[in-house]
Amino acid sequence: MTSAMPKPMALMLPGTGSDEVFVRSVFAGPLAASGIALDAPEPPRGAQLAVGFLTMIDSVADARHGRLLLGGISFGAHLAAEWAVRNPGRCDGLLLALPAWAGEPDAAPASLAAKASADLVEREGLEKALRLSVAGVAPWLAGELTRAWRRHGAGLAASLRVAANRAAPTLEALKELDIPVGIAACVDDPVHPAEVADAWAGALPRATVRETTLDRLGADRESLGRAAVEAWQVSRR
């Protein structure tokens with residue numbers, strides 16, 4: 001009797017103030033089309049956001065006896081790359097959507113936005129902060145923020161500050177990651193500039209960027225996931 005080989009799996013992390021529901025809507029279909037299962041964990045709450053995710057990746061890697069296909073969106077992409085840099089030889093590849101900065105956040109738009117949102121939540125409370133934050137934004141984004149922010153609850157402001165202040169891998173560190181990497185960028189996203197995705201790809205030895213738009217993402221969540229998966233497949237060749 002022979003045991004069945006486990007299905008390939010990708011562990012994917014959400015961005016700041018987001019959740020695993022959005023990750024599934026973006027990546028489940030594109031990964032399944034490539035024969036890969038998705039593991040999209042719920043984000044740890046509050047100040048444990050980064051440490052909790054990194055500890056979770058360690059546990060999944062240990063349970064699967066070694067190497068992972070790993071990735072995420074925005075801050076989730078940063079953490080996935082950070083883990084890969086810290087664990088050479090344990091990551092088979094990276095699927096990264098919308099990286100927001102390299103190295104220290106400094107005045108990166110995503111960092112400033114997360115700090116401003118944390119200030120607003122602490123000053124006005126969650127529900128009023130939500131009403132102010134979704135005013136005038138695209139309906140799909142308003143819906144995503146409303147669901148995810150409420151799920152983060154009392155820990156939202158602390159988790160936003162963790163993400164806003166944490167350094168991403170430096171470009172020098174990324175040069176050491178000799179694994180296939182697919183990066184997805186939205187060319188019309190001022191919070192996650194496409195130039196950052198291009199800089200990451202320029203530093204990584206085996207990386208490809210595929211571009212899409214926020215308009216497409218609003219109409220088809222999987223457009224972002226497809227871009228990342230297709231870019232990763234090119235980088236594997």
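This is a predicted model: local features need pLDDT of at least 70, side-chain atom pairs count only at pLDDT 80 or more; totals for chains, interfaces and linings use all residues.

Reader: Happy to start with the whole chain. How many helices and strands does the protein chain have?

Author: The protein chain has 11 helices and 6 strands.

Reader: What makes the protein chain as compact as a globular protein of that length?

Author: The globule rule gives 18 Å for 237 residues, and the radius of gyration of the protein chain is 17 Å, which is close to that, so the chain is as compact as a globular protein of that length. Along its principal axes, the C-alpha trace spans about 60 × 40 × 35 Å.

Reader: How much of the protein chain counts as buried?

Author: Of its 237 residues, 52% count as buried. A residue gets that word when its relative accessible area is under 20%.

Reader: And what share of the contacts joins residues at least 24 apart?

Author: Taking contacts between residues at least 6 apart in sequence, 75% join residues at least 24 apart.

Reader: Now to the helices. How do you know that the span of helix 2 agrees with its number of residues?

Author: Helix 2 covers residues 49–63, which is 15 residues, and at 1.5 Å a residue they should span 21 Å; the end C-alpha atoms are 21 Å apart, so the two agree.

Reader: Which residues of helix 2 are buried, and what covers them?

Author: The buried ones are Leu49, Ala50, Gly52, Phe53, Leu54, Ile57, Val60 and Ala61. Their cover includes strand 1, strand 2 and strand 3, together with helix 3 and helix 7. After helix 2 comes histidine 65, with a positive phi near 55°.

Reader: Why would residues three or four places apart in an α-helix point the same way?

Author: An α-helix has 3.6 residues a turn, so residues at that spacing point the same way.

Reader: What lines the second largest pocket?

Author: Its lining has 13 residues, and Pro8, Met9, Arg67, Leu69 and Asp92 lie nearest the centre. Strand 3 and helix 11 each give two or more residues to the lining of this pocket. About 260 Å³ of space lies in the second largest pocket. Its lining has 8 nonpolar, no polar and 5 charged residues.

Reader: Now some single residues. Why is serine 18 called buried?

Author: Buried means under 20% relative accessible area. Serine 18 has 14%, so it is buried. Its place is in the loop between strand 1 and helix 1. Beyond its neighbours within four places in sequence, serine 18 is in contact with Pro43, Ala148 and His152.

Reader: What makes arginine 86 exposed?

Author: Exposed means over 50%. Arginine 86 has a relative accessible area of 55%, so it is exposed. Arginine 86 lies in helix 3. Leaving aside neighbours within four places in sequence, its contacts are with Leu54 and Arg166. Arginine 86 and alanine 173 are 87 residues apart in sequence, yet 9.5 Å apart in space, C-alpha to C-alpha.

Reader: Are serine 74 and leucine 98 buried or exposed?

Author: Serine 74 has a relative accessible area of 8%, so it is buried. Leucine 98, at 7%, therefore counts as buried too. Serine 74 lies in the loop between strand 3 and helix 3, and leucine 98 in the loop between strand 4 and helix 4. Serine 74 has a positive phi of about 60° although it is not a glycine, and leucine 98 also has a positive phi of about 60° without being a glycine.

Notes: Residues are numbered from 1 along each chain as its sequence is written. Side-chain values use heavy atoms; hydrogens and water are left out. Helices (H or I, at least four residues) and strands (E, at least two) are DSSP runs, numbered from the N terminus. The expected span of a helix is 1.5 Å times one less than its number of residues. Buried means under 20% relative accessible area, exposed over 50%, partly exposed in between (1.4 Å probe, protein chains only). Contact means heavy atoms within 4.5 Å. On a 1 Å grid over the protein atoms alone, a cavity is a set of points where a 1.4 Å probe fits but cannot get out, and a pocket is an open set with protein on both sides within 12 Å along at least five of seven lines; lining residues have an atom within 4 Å of a point. Grid points are joined across faces, edges and corners, and a volume is the space filled by probe spheres set on the points. Ala, Val, Leu, Ile, Met, Phe, Trp, Tyr, Cys and Pro count as nonpolar, Asp, Glu, Lys and Arg as charged, and the others, Gly among them, as polar. The radius of gyration is taken over C-alpha atoms; the globule rule is 2.2 Å times the number of residues to the power 0.38.
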